[in-house]
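Subject: Structure for your review

Dear colleague,

Please find below the structure that I am handing over to you. My notes on what was found in it follow.

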Amino acid sequence: MTAAQYIKTACMEKGFSILNLNLRFGLAADGANSWPFRAKAYPPLFDAYPSDFYTFQEANGFQVDFLRRLLPQYGVIGERRPAPDFWQSNVIFHHRRWRCISHDYFFLSETPDIPSKFDKSQWPRQCTMGVYQCNGHSLAVINTHFDFDPEIQRRSAELISRRLRSWIRPGPAVLAGDFNTEPGSSAYEVFSSNQAGFRNVFRPPYAGTHHGFSGNTTGGTIDWILYRGHLTAAGAAVIVEKFNGIYPSDHFPLRADFEWI
């Protein structure tokens, strides 16, 4: 089945798919794993795992431009242009069969609508949200990247939950990203509370998702795909293989398939 055939089937019949990945900052001095070498891993990754949605963190502008060329049938939200050279966006690529009817982009801070960060946050972190429609179905997709301090992670989760409640009515939603913390943390508990209502596509024992280009599957489970609403997780995988002889990132991609219920 070709990528185009897969997307048509997923969108128009039973459900949809999503692939999440922290790209790894494209300007990082990673030697043989630097972005110019890793870029060759993405065409076979997308061929092997065609998806309705791709959620990427740590995306420099030139990385987004590269991905746009690889995914010509996809739209993208979450870019900040113009931006500083070292800026990293959280972008959502959506197949154009999914129509983006509204989107939101904000900072994880006390002043989310202007470029800013929480006092204890090392970097200005952001969140991107989109609401999409396809064949009578409506879906919210949220992509974010948390900082390192546990208190800031919890406050970031609370901010996203509030923003989501004020922005759209309750319904099917998928939340993906690099949370820099494990399931069971205070931030995770915010999302899995009855008020937020998110569930994890994976079940314990959780596989590691950050491997530092080692391929080791026992690292931290810091990348998640959560979901809520009238959806069921039909399948999920941590993608641990190399593509064209190299890992796409220092994180493993996560892939999930969902069905409507």
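In these notes, helices (H or I, at least four residues) and strands (E, at least two) are DSSP runs, numbered from the N terminus. Please bear in mind that the model is predicted.

Confidence. Over the chain the mean pLDDT is 93, with 95% of the residues at 70 or more. Residues 1–12 have a pLDDT below 50, and in the model this stretch makes 26 contacts beyond near neighbours in sequence.

The sheet. Six strands form an open sheet with mixed pairing, in the order S3-S4-S2-S1-S12-S11. At its edges are strand S3 (74–77) and strand S11 (231–238), each of which pairs on one side only. On average, neighbouring strands of this sheet are turned by 20° against each other, direction ignored. Seven bridges link S11 with strand S12 (residues 254–260), and the two pair in the antiparallel sense. Within this pairing, Thr 232 stands opposite Glu 259 in S12. Helix H4 packs on the sheet, where it touches S2, S3 and S4, and its direction makes about 155° with that of S2.

Helix H4. This helix spans residues 61–70, and Gln 63, Val 64, Phe 66 and Leu 67 are buried in it. Seen down the axis of H4, the buried residues fall within an arc of 160°, so they line one face of the helix. Their cover includes helix H2 (35–38), helix H3 (42–48), strand S2 (53–59) and strand S4 (89–95).

Backbone geometry. Most residues other than glycine have a negative phi, and most peptide bonds are trans.

- Arg 24 has a positive phi, near 75°, and is not a glycine. Arg 24 is found in the loop between strand S1 (15–22) and H2. Its relative accessibility is 23%, so Arg 24 counts as partly exposed.
- Glu 58, also not a glycine, has a positive phi of about 55°. Glu 58 lies in strand S2 and is buried, with a relative accessible area of 13%.
- Pro 204 and Pro 205 are joined by a cis peptide bond, with omega about -5°. Pro 205 lies in the loop between strand S9 (199–200) and strand S10 (223–228).

With kind regards

Key: Residues numbered from 1 in each chain as written. Predicted model: local features only at pLDDT ≥ 70, side-chain atom pairs only at ≥ 80, totals over all residues. Heavy atoms only, no water. Buried < 20%, exposed > 50% of the residue type's maximum accessible area, 1.4 Å probe, protein only. Arc of directions from axis to C-beta. Contact = heavy atoms within 4.5 Å. pLDDT = per-residue confidence, 0-100. Pairing = 2+ DSSP bridges. Axes fitted to C-alpha atoms, helices over the stretch in contact; angles between N-to-C directions.
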